[in-house]
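Subject: Structure handover

Hello,

Here is the structure you asked for, with the sequence.

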Amino acid sequence: MESDKRSQESPMSDDKQLTTEDGKAIEINDKGVPVVTTADGSTLAIISPAAERALTRKFDLRILPVLAIMYLFNSLDKSNLGNAKTHGLEKTLGLKGHDYNTILSVFFVPYVLTAPFLGILGKQYGPNRVLPLMMFTFGCCTLLVTAAKNFAGIMTLRWFLGMSESAFFPLVIYYQTTFYRRGELARRLAIFYAAQSIASAFGGLLAFGVFQIKSHTLAEWRYLFIIEGCCTILFSFFAFFYLPQSASTAKFLSPEEKELAYYRMQVDSSSVVNEKFNFRESFKIFKEWTSWLILAIEICLGVPLQSVQLFLPQIVARLGYNAVKTNLYTVAPNISGAVMLLVLAFASDYTRWRFPFVALGFLFTFLGMIVYVGIDVKHQLTVAYFACFMMTWGTSAPSVLLDVWYNNNIAHEGRRVVLTSIGVPLANLMGVVSSNIFQNKDAPKYIPALATTAAFGATGLALTLLLGAFMIFDNARRNRKAGRTIDVRDIPTERLREGPRAEEFRWFY
């Protein structure tokens with residue numbers, strides 16, 4: 001995957017040279033190419049577009065596929081209850097009343113409580129070790145669902161599943177920020193995140209196939225958990241020994257490529273590359289009011305995201321098909337959601353704009369929910385099914401681009417992982433809301449739930465536009481104060497450790 005030229009331009013101020021904290025210099029040679037040199041003038045690395053393209057291509061082939069497969073299993077293990085519910089899970093386990101909603105909700109409590117701690121552990125010991133260990137644990141929890149006999153059993157397993165999955169996505173986001181420049185991140189993270197949409201689609205196909213099994217030993221839905229749990233556990237062993245600690249230590253890179261990888265991050269990602277975690281310094285991120293607004297947007301994102309992820313089979317069931325066809329009809333909307341995510345993410349990296357595409361995703365969600373509520377589904381099946389597509393368009397893209405947006409504006413690695421480890425689980429905590437607004441008594445229309453989800457989408461849209469407008473006006477104010485126009489790419493991230501408190505800071509919006 002090639003990066004556009006703008007994302008490959010090395011951030012430099014009007015000075016011709018940047019001296020790094022380790023005593024080396026990044027200077028522009030006669031051909032206008034940034035070069036890393038030592039004190040005696042010897043060249044360590046040439047930061048050229050061609051060299052960077054070759055380097056990022058290696059990351060794309062070596063890192064992204066593994067992370068995408070890991071997240072595919074993560075998503076399958078988290079969302080397979082929806083498929084199992086359509087084929088007798090409640091009857092087999094003797095669930096009554098609000099029991100199903102409760103086992104969905106309980107997942108998110110430990111998910112939020114443990115995510116910051118696991119995120120910090122990931123920063124201290126390396127995502128390359130912590131992520132596979134988390135994967136092994138949630139694979140075991142999924143496999144053990146086959147042994148659940150009642151409400152108490154599956155409730156306990158869902159609790160531990162929430163703990164083991166809590167910091168998975170935040171750590172993957174942080175992990176990718178140690179490999180890619182800010183302008184390269186959205187489309188890479190989108191390819192990774194598309195695994196969730198593909199997982200939802202694949203989950204529907206897998207459920208369709210598994211539910212054809214006729215067994216007198218186990219209920220058909222239990223085979224779904226056996227297959228997904230075993231595959232997750234096996235792949236976690238491979239990931240543990242395969243993933244590198246960071247870009248600058250990857251064994252598949254040459255010494256020259258390692259130097260290039262290190263200085264790419266120093267000028268366009270981190271203030272201090274591979275910095276050790278400092279608790280007090282990292283939590284200073286919450287002194288910025290924009291962090292709190294980001295968390296508010298995460299909350300607004302979480303309700304539509306979890307509603308679609310957990311209840312799309314139930315929403316599609318209103319079209320009037322049987323259980324098998326209902327699962328099959330969830331495939332196309334989820335695939336289209338992955339495609340739309342990639343389109344918006346590539347457009348975001350190309351234009352280097354973030355908030356307009358986040359806002360567009362919220363708009364899709366809002367319109368999809370409103371259309372589905374406002375029409376006569378039985379007599380307008382095509383329109384209703386198209387509204388399901390819009391729902392998936394509007395949940396995947398904002399989740400990725402919002403995380404990329406605020407990570408692009410945080411050069412301090414510790415602060416980056418802290419905000420991500422709180423923001424992402426907070427969005428997932430809204431699954432508690434989603435789990436309790438989709439009530440069986442409202443089936444099959446679920447009008448109160450869809451209207452509530454649409455309201456959260458509209459609020460998220462408004463907050464996103466507000467924050468984006470502030471960033472534009474604040475950059476203009478800073479430029480007037482400096483007496484010149486400074487682009488976000490002009491300042492190396494090494495100088496932006498204190499974020500908005502640094503005079504040279506410019507928002508990446």
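The side chain of H412 makes a polar contact with the side chain of R497, at 3.4 Å. This is a predicted model, and every value in this email is computed from it. H412 belongs to the loop between helix 18 (381–408) and helix 19 (413–429). Its relative accessible area is 2%, so H412 counts as buried. The H412 side chain also reaches the backbone nitrogen of R415, at 3.1 Å. Leaving out residues up to four places away in sequence, H412 touches S271, E275, E281, S282 and R497.

One of those residues, E281, sits in helix 13 (residues 279–282). Apart from neighbours within four places in sequence, E281 is in contact with H412, R415 and R497. E281 and E498 are 217 residues apart in sequence, yet their C-alpha atoms are 9.9 Å apart in space.

Salt bridges

How many salt bridges does a search of the whole structure find? The count is 21. Three of them are described here.

E52 and R264 meet through their side chains, with 2.4 Å from N to O. This pair links distant parts of the chain: E52 is in helix 2 (residues 49–62) and R264 is in helix 12 (residues 255–268), 212 residues apart. Are E52 and R264 buried or exposed? Both are buried.

The side chains of R188 and D60 form another salt bridge, with an N to O distance of 3.0 Å. This one, too, joins distant parts of the chain, with R188 in helix 10 (residues 185–210) and D60 in helix 2, 128 residues apart. R188 has 0% relative accessibility and therefore counts as buried. D60 is buried as well, because its relative accessible area is 9% and the cut-off for buried is under 20%.

D487 forms a salt bridge with R489, and the closest N and O atoms are 2.8 Å apart. D487 has 30% relative accessibility, so it counts as partly exposed; that class runs between the limits for buried (under 20%) and exposed (over 50%).

N475 and the residues it meets

N475 lies in helix 21 (residues 447–482). With a relative accessible area of 8%, N475 is buried. Which backbone nitrogen does the side chain of N475 reach? The nitrogen is that of W507, at 2.8 Å. Not counting residues up to four places away in sequence, N475 touches R506, W507 and Y509.

Nonpolar core

The largest nonpolar core has 145 residues, and the ones that touch the most other members are F59, M70, L89, W221 and Y372. Helix 18 supplies the largest share of this core, 15 residues. As for M70, its contacts beyond four places in sequence are L131, P132, M135, F168, F235, A239 and L243.

Nonpolar surface patch

There is also a nonpolar patch on the surface, formed by V109, L113, W159 and F160. Together these residues have about 360 Å² of accessible area. Helix 6 (108–125) and helix 8 (151–165) each supply at least two residues of the patch. F160 is found in helix 8. Its relative accessible area is 44%, so F160 is partly exposed.

The chain overall

Some totals for reference. The chain has 21 helices and four strands. Of its 509 residues, 60% are buried. Among contacts between residues at least 6 apart in sequence, 80% join residues at least 24 apart. The chain exposes about 19,400 Å², and carbon and sulfur atoms supply 64% of that area.

Regards

Definitions and conventions: Residues are numbered from 1 along each chain as its sequence is written. This is a predicted model: local features need pLDDT of at least 70, side-chain atom pairs count only at pLDDT 80 or more; totals for chains, interfaces and linings use all residues. Side-chain values use heavy atoms; hydrogens and water are left out. Patches are made of residues with over 30% relative accessible area and no salt bridge: like charges are joined within 9 Å, nonpolar side chains (Val, Leu, Ile, Met, Phe, Trp, Tyr) within 5 Å. Accessible areas come from the Shrake-Rupley method with a 1.4 Å probe; for residues, only the protein chains shown count as cover. A salt bridge is a side-chain nitrogen of Lys or Arg within 4 Å of a carboxyl oxygen of Asp or Glu. Buried means under 20% relative accessible area, exposed over 50%, partly exposed in between (1.4 Å probe, protein chains only). A polar contact is a pair of N or O atoms within 3.5 Å; within protein, one must be able to donate a hydrogen and the other to accept it, and residues adjacent in sequence count only if both atoms are side-chain atoms. Contact means heavy atoms within 4.5 Å. A nonpolar core is a set of buried Ala, Val, Leu, Ile, Met, Phe, Trp, Tyr and Cys residues joined through side-chain atoms within 4.5 Å.
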